[in-house]
Amino acid sequence: MQVTMTVNGQTVSRDVEPRTLLVHFLRDHVGLTGTNVGCDTSSCGACTVHVNGESVKSCTMLAVQADGQEITTIEGLASPEGELHPMQKAFQENHGLQCGFCTPGMVMAATSFLKENPHPTEAEVRLGLEGNLCRCTGYHNIVKSVLAAAESMGE
Amino acid sequence: MTTTETTSGSKVLGQRVLRREDPKLLTGEAKFSDDLDIPGALHMAVLRSTVAHARITSIDTSAAKSRPGVVAVYTYDDLKDDWAGPMPCAWPVTADMKNPAHFPLANGKVNYVGDGVAVVLAHSKTAAVDALEAIEVGYEELDPVLDLEESLADSNVIHSEIGTNLSYTWELIPNKEAVDDAFAKAAYTVSERYIQQRLVPSAMEPRAVVVVPAPFGGDYTVYSATQVPHILKVMLALTVGVSETKLRVVAPSVGGGFGSKLNVYAEEVLALALARKLRRPVRWTEERSENAVATIHGRGQIQNIELAADADGKVTAVRVNLVADMGAYLQLVTPGIPLLGAFLYHGVYDIPNYSFTCRSVFTNKTPTDAYRGAGRPEATYAIERAMDALARKVGVSAVEIRKRNFIPTEKFPYNSAAGLVFDSGDYLTNFNKALDMMGMDELLAEKKLRIDAGSRKLLGIGISFFVEMCGLAPSRVLASLNYGAGGWEAATVRILPTSKIQVVTGTAPHGQGHETAWSMIVAEKLGVPLADIEVLHSDTAIAPYGMDTYGSRSLAVGGSAIHIATERVLDKAKAIAAHQLEVAEEDLDYAEGVFTVKGSPDRAFPLAAAALEAFTAHNLPDGMEPNLEASVSWDPPNFTFPYGSHIAVVEVDTETGKVDLVRYQAVDDCGNRVNPLIIEGQVHGGIAQGVAQALFEEASYDSAGNLISATLADYLVPSAAELPSFELGETVTPSPTNPLGVKGIGEAGTIASTPAVMNAIVDALSHLGIENIEMPASPERVWRAISAATRK
Ligand code: FES
Ligand code: FES
């Protein structure tokens with residue numbers, strides 16, 4: 001069936017099986033492979049994208065459910081001129097990533113978390129990112145990155 | 001401390017240079033194996049055994065074959081001529097080690113839940129996965145062997161062709177009588193039994209492989225989410241029977257490994273064999289719940305450790321008996337894992353008498369193999385827990401027992417009773433620094449206060465002082481352990497005509513930031529901007545030689561090879577400069593990319609000009625070959641021995657049994673520090689993994705041999721909410737083993753943190769008479785231990 005949505009500001013329309021998950025729609029049909037798949041139980045958050053500005057694990061949503069919605073993936077976070085989003089910058093400056101596999105989901109989850117809570121404490125950041133797993137960083141520098149981004153975005 | 005955006009020139013080593021690999025990972029531009037768009041590729045799916053131990057009585061693939069989109073379905077019988085031999089095990093630790101034949105698909109019998117039974121190829125992933133359900137397999141179930149000691153008893157033998165469940169017995173007992181004597185004369189002895197539970201490594205990127213046949217010539221490119229593209233190339237050539245000259249293995253961005261991608265897996269063999277058979281690209285990506293059973297597990301040991309000590313608590317002998325779980329088959333280095341710890345059961349202590357025995361057995365479970373630290377976390381756990389037990393017996397503190405037993409600084413290089421030469425160390429200085437930073441007195445006072453007040457939440461302080469042998473390394477030593485390869489590393493440094501620099505390395509990163517660190521090593525030596533340096537790796541067509549990345553070896557061995565190659569390139573450039581300036585080489589100085597004549601700095605010749613001269617070759621010194629390039633294969637003379645003091649503070653809720661890690665401090669000594677930012681990241685991640693073993697993770701099986709914790713919903717990889725921020729410090733004792741003076745840091749955190757946390761839990765509860773709690777220290781386990789102790 002035909003689904004149409006806005007992905008990173010562009011209208012995309014594809015013919016897909018009804019059971020296609022949003023994450024597979026983005027990766028396999030639109031070719032945006034920045035969004036990763038890390039599990040099959042909606043536990044890891046590697047697939048996190050924004051749907052109408054709110055973070056969603058894209059493996060928990062069917063492509064048809066996203067019909068007509070606005071999707072932002074990691075590829076759409078930097079400015080069109082290529083300037084990194086403050087969250088991306090904060091992750092680089094604070095070494096918030098190692099292998100980078102969890103990173104797109106982590107960055108997307110963190111940006112939407114800061115929208116809800118622009119001045120979080122460390123404990124709130126930790127709780128807010130509970131749904132996103134990282135095996136490399138021990139979260140220390142991820143938490144630091146998010147706190148740094150909160151500060152730079154609040155300026 | 002500030003971070004550095006980009007740095008140019010020498011004096012870059014030791015700076016917090018931001019990682020060059022980040023921008024593409026942060027924007028989704030990086031490609032992991034599953035991201036590769038390969039037109040026309042067939043999707044592979046593997047049907048896995050749902051029973052732990054059974055004879056296969058029938059496999060009916062006919063319904064699956066006729067499903068839409070399915071191209072082929074194969075079983076062992078269909079493919080037995082499509083590979084040249086069984087799956088490789090590269091570490092036959094003893095001459096009589098038993099290694100049952102292991103094929104990519106089961107040959108008449110399945111030996112663990114997850115064992116491959118049949119393979120489907122289809123035009124889409126969903127078609128391939130759907131077809132699995134249409135395959136009918138008849139099983140005649142056998143009793144599974146799940147318990148290690150039961151396996152050892154051989155009452156139920158898994159692999160009848162080898163007649164026993166015992167794969168091998170390996171001993172390191174330099175002087176048995178001396179050990180017995182030390183125990184006979186001991187004023188104190190402790191005898192402890194610890195369980196190293198099985199762990200699922202859980203790299204966030206599942207495994208994936210894509211094999212693409214070349215349009216002509218019979219060549220294949222294998223893209224794999226692997227830590228070991230070079231080893232994989234050799235092993236695939238031998239196992240599948242493809243000339244090594246026809247294979248190119250590429251590891252694209254790899255999403256973590258932790259040892260689990262240091263292997264040669266059935267799916268890699270199948271994908272190559274099937275791409276050859278069907279002359280089509282073949283791709284496969286693991287599901288997470290498949291990863292839990294089809295990718296190796298870590299740990300899995302029963303550890304019996306005994307210490308003998310004199311009246312002062314000075315340890316005189318250590319005796320260790322291990323039973324190690326190999327799982328159903330031997331994977332690439334499965335049998336060698338206990339050996340990587342075998343030499344380290346005396347830890348950082350000067351213990352003159354040593355006895356180590358390991359018996360390794362098969363079980364009907366997923367094969368085990370290297371998991372971050374591989375053997376060394378197990379050894380450190382046993383000795384550090386046992387030292388605390390000894391301290392309690394002797395009646396001294398955990399701090400005091402360690403200070404009495406440290407290898408004294410003046411004994412370095414230290415010849416250990418187990419036969420190693422520890423390169424360098426100053427344990428007491430490191431320990432004192434850690435104790436100072438931690439504020440031990442206040443913590444101890446607080447702990448006592450809570451006990452006295454009858455607080456519900458008790459405090460525990462746990463110490464773990466670790467040492468590891470890493471930087472794997474000296475090929476001759478590896479030979480003495482029967483390891484199937486060397487431990488050298490290859491590097492090429494070339495300065496191109498435009499003065500841009502290519503650094504080719506045989507190391508294969510998967511999150512470690514090699515591009516940044518390796519360019520820093522070259523920039524330091526040449527004094528050129530980092531931006532001029534490109535690091536090429538993880539592609540056997542570009543970097544034909546290499547030993548890849550594992551065992552905290554890449555910097556100590558690979559980084560050193562790069563350092564030496566850079567020196568050689570600089571020497572050649574110097575000869576060119578001297579020739580051009582018509583002076584002797586000794587009369588030249590070099591700084592920031594320019595040679596100058598000593599005493600007349602206006603007479604200068606830039607490195608860039610030397611590069612161009614080497615390229616045009618119009619006027620080179622007599623006999624000099626064109627081009628500015630040096631290749632090095634470097635084999636270090638010894639391992640490196642990083643160490644450090646880790647201290648954990650836990651709060652134990654005596655009513656619920658819940659343990660909270662409230663503080664964690666690590667003071668590591670990894671020798672000279674190339675990039676502190678990267679070092680700290682490695683330590684953080686390592687700590688989290690070790691803490692996870694202590695508190696959360698376990699690959700647990702039911703009595704039928706099913707893995708219960710097979711998804712990320714059941715297997716408790718900790719999130720940010722379960723962990724604190726970590727406090728780090730350092731001491732720096734350069735290693736004399738390599739020219740950079742570095743030691744390695746990739747595994748340190750994991751090795752040290754598990755015993756620190758468990759010692760802290762026992763410390764919180766020891767006044768109740770609790771001496772041990774098994775891992776993971778779940779609320780239930782802790783609560784049961786407390787209620788059993790208080791009921792007494
Ligand atoms: S892929 Fe793991 S939560 Fe979506
Ligand atoms: S950076 Fe590797 S999983 Fe997070």
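Predicted model: local features only at pLDDT ≥ 70, side-chain atom pairs only at ≥ 80, totals over all residues.
Eight cavities of 30 Å³ or more were counted in the structure. The largest cavity holds about 730 Å³ of space. Its lining comprises 48 residues, of which Gln512(B), Thr549(B), Ser552(B), Gln682(B) and Gly746(B) are the closest to the centre. Four helices of chain B, namely α10 (337-342), α16 (514-526), α17 (554-581) and α19 (676-695), each contribute at least two residues to the lining of the largest cavity. Divided by class, this lining consists of 24 nonpolar, 19 polar and five charged residues.

The second largest cavity has a volume of about 120 Å³. It is lined by 18 residues, and those closest to its centre are Tyr112(B), Ala266(B), Glu267(B), Ala294(B) and Gln331(B). Strand β1 (42-48) and helix α8 (266-278) of chain B are the elements that give two or more residues to this lining. Nine of the lining residues of the second largest cavity are nonpolar, six are polar and three are charged.

Over all chains, the structure contains 24 aromatic pairs. In one of them, the ring centres of Trp170(B) and Phe343(B) are 5.9 Å apart and the planes meet at 65°, so the pair is classed as edge-to-face. Trp170(B) belongs to strand β7 (residues 166-172) of chain B, whereas Phe343(B) is in the loop between α10 and β15 (353-362) of chain B; the pair thus links parts of the chain 173 residues apart. Both Trp170(B) and Phe343(B) are buried.

A further edge-to-face pair is formed by Phe431(B) and Phe465(B), with 5.9 Å from centre to centre and 70° between the planes. Because Phe431(B) lies in helix α13 (residues 427-438) and Phe465(B) in strand β18 (residues 457-467) of chain B, this pair ties together parts that are 34 residues apart in sequence. Phe431(B) is buried, with a relative accessible area of 0%, and Phe465(B) also counts as buried, at 1% relative accessibility. Phe431(B) and Phe465(B) belong to one aromatic cluster, whose members also include Tyr349(B), Phe406(B), Phe412(B), Tyr414(B), Phe422(B), Tyr427(B), Phe641(B) and Tyr643(B).

Arginine side chains also contact aromatic rings. Arg207(B) lies over the face of Tyr265(B), at 3.6 Å from the ring centre. The charged end of Arg319(B) sits over the ring of Phe183(B), 4.1 Å from the centre of that ring.

Terms used: Residues numbered from 1 in each chain as written. Chains lettered and ligands numbered in written order. Heavy atoms only, no water. 1 Å grid on protein atoms, 1.4 Å probe; cavity = no way out; pocket = protein on both sides within 12 Å on 5 of 7 lines; lining within 4 Å. Points joined across faces, edges and corners; volume = space filled by probe spheres on them. Nonpolar A, V, L, I, M, F, W, Y, C, P; charged D, E, K, R; others polar. Phe/Tyr/Trp six-rings, centres within 6.5 Å; stacked < 30°, edge-to-face > 60°. Buried < 20%, exposed > 50% of the residue type's maximum accessible area, 1.4 Å probe, protein only. Lys NZ or Arg CZ within 6 Å of the ring centre and 35° of its normal.
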